[in-house]
2 protein chains.
Amino acid sequence: MTIPSRRYAGHTRNGSVLSELILRTFRVHGALLAAGDRLAHPLGLTAARWQVLGSVAGLAQPAPVAHVAREMGLTRQSVQRIADQLVADALLEYQDNPHHKRAPLVVMTARGRRVFAGMTERQVPWANDLARGVPGRDLEVAIDVLRRVEERLVSG
Amino acid sequence: MTIPSRRYAGHTRNGSVLSELILRTFRVHGALLAAGDRLAHPLGLTAARWQVLGSVAGLAQPAPVAHVAREMGLTRQSVQRIADQLVADALLEYQDNPHHKRAPLVVMTARGRRVFAGMTERQVPWANDLARGVPGRDLEVAIDVLRRVEERLVSG
DNA sequence: ACCCATATGACAGTATGCTGTCAATAGAGT
DNA sequence: ACTCTATTGACAGCATACTGTCATATGGGT
């Protein structure tokens with residue numbers, strides 16, 4: 001299974017390789033989404049709900065939905081929709097925000113913490129297995145490249 | 001803008017770093033989609049239509065939609081929908097498949113080739129600029145890591 | 001010839017993300 | 001106090017990809 005090269009006249013060497021990286025990123029994203037859904041399904045979650053739950057779990061302080069969205073690199077609206085569903089499922093709840101009447105703070109419920117802990121139990125061996133044999137240094141390089149690319153995309 | 005670490009007890013070092021890579025991949029995917037739409041919009045395309053157009057352009061032989069979908073790592077249905085739109089816009093066309101009555105072959109029209117060439121003209125300097133200053137070796141490593149991850153995800 | 005697994009397209013429904021727009025809120029500057 | 005801007009949530013609409021299901025077509029094995 002190879003990807004068409006996407007190397008056109010005018011591409012620098014780096015520009016050409018970056019174009020390949022882009023196509024690969026799209027494919028991996030799709031595969032990750034599917035894998036995440038498989039992993040989350042037994043606990044009644046989807047990949048998207050799990051991601052939002054995880055972002056809230058990782059908050060140092062309770063924050064409004066828009067803040068969580070920024071952290072995830074998504075729009076307010078997308079995260080709001082998922083957060084509302086998680087609140088309906090009693091995995092998250094909204095708390096009054098003393099600093100802003102219309103922007104309640106999102107926090108985990110006890111049930112949310114339990115479910116998320118269950119997800120983590122499933123994710124840990126899965127991630128360990130997926131990463132086995134890949135040089136840690138290469139993983140670090142890949143993260144760094146993606147971070148740089150994202151930074152340029154968002155700023156420019 | 002940092003991402004919560006996602007390093008849990010039980011994660012191997014690699015498993016932990018891989019989890020970071022996953023989150024980063026999601027963010028970059030979103031940023032790439034937005035950038036692709038910006039790039040494609042002046043020529044009346046979306047990122048998705050451009051990708052399908054490019055996949056067809058890269059075919060060694062005319063092929064059915066399902067074949068293009070496999071190549072892209074997407075479902076038949078998703079690509080079928082986009083391909084139908086591109087045919088309606090006269091950028092692609094369906095040819096009778098002598099080997100299968102119900103599975104026509106997708107091919108570029110002259111107009112499709114012109115538009116895709118125009119997209120390439122726009123993409124080349126954009127990609128060169130995005131890749132500038134990133135070590136080519138790091139880009140290669142990132143591609144290789146993602147390819148390995150995708151392979152494991154799809155096969156397992 | 002027949003049967004069955006596979007491939008393909010068609011159709012319906014769902015999940016996720018986006019943009020655009022509006023009103024309410026908060027905070028900074030005057 | 002007043003105004004201006006940024007932030008936030010609410011609501012509507014759209015684009016993209018998914019799953020599930022069906023009918024049709026192909027090709028291999030019997």
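**Before selecting.** This is a predicted model, in which local features need pLDDT of at least 70 and side-chain atom pairs count only at pLDDT 80 or more, while totals for chains, interfaces and linings use all residues. Residues are numbered from 1 along each chain as its sequence is written, with chains lettered from A and ligands numbered from 1 in the order in which they are written.

**Chains A and B.** Select both protein chains. Chain A is superposed on chain B by a rotation of 180° with 0.0 Å of shift along its axis, at an RMSD of 0.1 Å (least squares on the C-alpha atoms of residues with pLDDT of at least 70 in both). This is the relation of a two-fold axis. To locate the axis from chain A, select A142(A): its C-alpha is the nearest in that chain, 2.1 Å from the axis.

**The contact between the chains.** Select next the residues of each chain that are in contact with the other (C-beta atoms, placed from the backbone, within 7 Å). Chain A contributes 52 residues and chain B contributes 52 residues. On the side of chain A, helix 1, helix 5 (110-131) and helix 6 (136-155) each supply at least two residues; helices here are DSSP runs of H or I with at least four residues, strands are runs of E with at least two, and both are numbered from the N terminus. Helix 1 of chain A gives the largest share of that side, 19 residues. Because 100% of the interface residues of chain A are also interface residues in chain B, the copies meet through the same surface.

**Two residues of chain A.** Select N14(A), which is placed in helix 1 of chain A. N14(A) is buried, with 20 other C-beta atoms within 10 Å (20 or more count as buried, 12 or fewer as exposed, and values in between as partly exposed; C-beta atoms are placed from the backbone). Across the contact, N14(A) touches A131(B), R132(B), V134(B), G136(B) and L139(B), not counting residues up to four places away in sequence. Then select L18(A), which, with the same exclusion of residues up to four places away, touches A127(B), L130(B), A131(B) and L139(B).

**The core.** The largest nonpolar core has 36 residues, of which L18(A), L139(A), A142(A), L18(B), L139(B) and A142(B) touch the most other members. Such a core is a set of buried Ala, Val, Leu, Ile, Met, Phe, Trp, Tyr and Cys residues joined through C-beta atoms within 7 Å. Helix 1, helix 5 and helix 6 of both chain A and chain B give two or more residues to this core.

**Helix 6 of chain A.** Select this helix of 20 residues, which reaches 29 Å from its first C-alpha to its last. Its buried residues include L139(A), A142(A), L146(A) and E150(A). Among the elements covering them are helix 5 of chain A and helix 6 of chain B.

Technical notes
Two residues are in contact if their C-beta atoms, placed from the backbone, lie within 7 Å. The expected span of a helix is 1.5 Å times one less than its number of residues.
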